[in-house]
Amino acid sequence: MRSEFLFISILVPGPKHPKRALDVFLQTLIHELNKLWYEGVHTFSYSSKQNFNMQAVLMWTISDFPAYGMLSGWTTHGRLSCPYCMGHTDAFQLKKGRKSCWFDCHRRFLPMHHLYRRNKKLFRKNKVVRLPPPSYVSGTDLFE
């Protein structure tokens, strides 16, 4: 059992997927992960032939955008769907169809003197980006 091959996989079948109640669906997994992180589990190491207290953490998840929305609670549709820009998005609605569009919303993450920030032809017509990127939110601030 090499670490490269260890995966926790959860496939949520449709069309009766839990949508907004995914936290209830994952409650047992969350409980076990909390126990593994804070208390650990007494287990046996075959290589050292002795018992030890094993602690573990879930480092990341790989999800498509709708599943990301279910896991994080962030909306993944509409004008405010970018998880980086949040409320400071530069999204706009297309004139025909009224669909939200995020084309050219992320030039502000480039360095302030980058050539693409001033380019009026390759992106939205006659638009120069002068805004700085949104401020970084630390983990402590996010937790609070």
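Visitor: Over the ring of which residue does the charged end of Arg 124 sit?
Guide: This is a predicted model, in which local features need pLDDT of at least 70 and side-chain atom pairs count only at pLDDT 80 or more, while totals for chains, interfaces and linings use all residues. Residues are numbered from 1 along each chain as its sequence is written, and side-chain values use heavy atoms, with hydrogens and water left out. A charge sits over a ring if NZ of Lys or CZ of Arg is within 6 Å of the ring centre and within 35 degrees of the ring normal. The charged end of Arg 124 lies 3.8 Å from the centre of such a ring, and that ring belongs to Phe 92.

Visitor: How many bridges join β1 and strand β2?
Guide: Strands are DSSP runs of E with at least two residues, helices are runs of H or I with at least four, and both are numbered from the N terminus. Two strands pair if DSSP finds at least two bridges between them. Here β1 (residues 41–45) pairs with β2 (residues 50–54) in the antiparallel sense, and the number of bridges is 5.

Visitor: Is Ser 45 buried or exposed?
Guide: Buried means under 20% relative accessible area, exposed over 50%, and partly exposed in between, with a 1.4 Å probe and protein chains only. Ser 45 is in strand β1, and because its relative accessibility is 14%, Ser 45 counts as buried.

Visitor: What is the angle between the planes of Tyr 116 and Phe 123?
Guide: Rings of Phe, Tyr and Trp (its six-membered ring) pair if their centres lie within 6.5 Å, and planes under 30 degrees apart count as stacked, over 60 as edge-to-face and the rest as tilted. A search of the whole structure finds 1 aromatic pair. Tyr 116 and Phe 123 form this edge-to-face pair, with 5.4 Å centre to centre and an angle between the planes of 70°.

Visitor: What is the relative accessible area of Arg 108?
Guide: Arg 108 is placed in the loop between β4 (100–101) and α4 (115–118). Leaving aside neighbours within four places in sequence, Arg 108 is in contact (heavy atoms within 4.5 Å) with several residues, including Cys 85, His 88 and Arg 117. Arg 108 counts as buried, because its relative accessible area is 7%.
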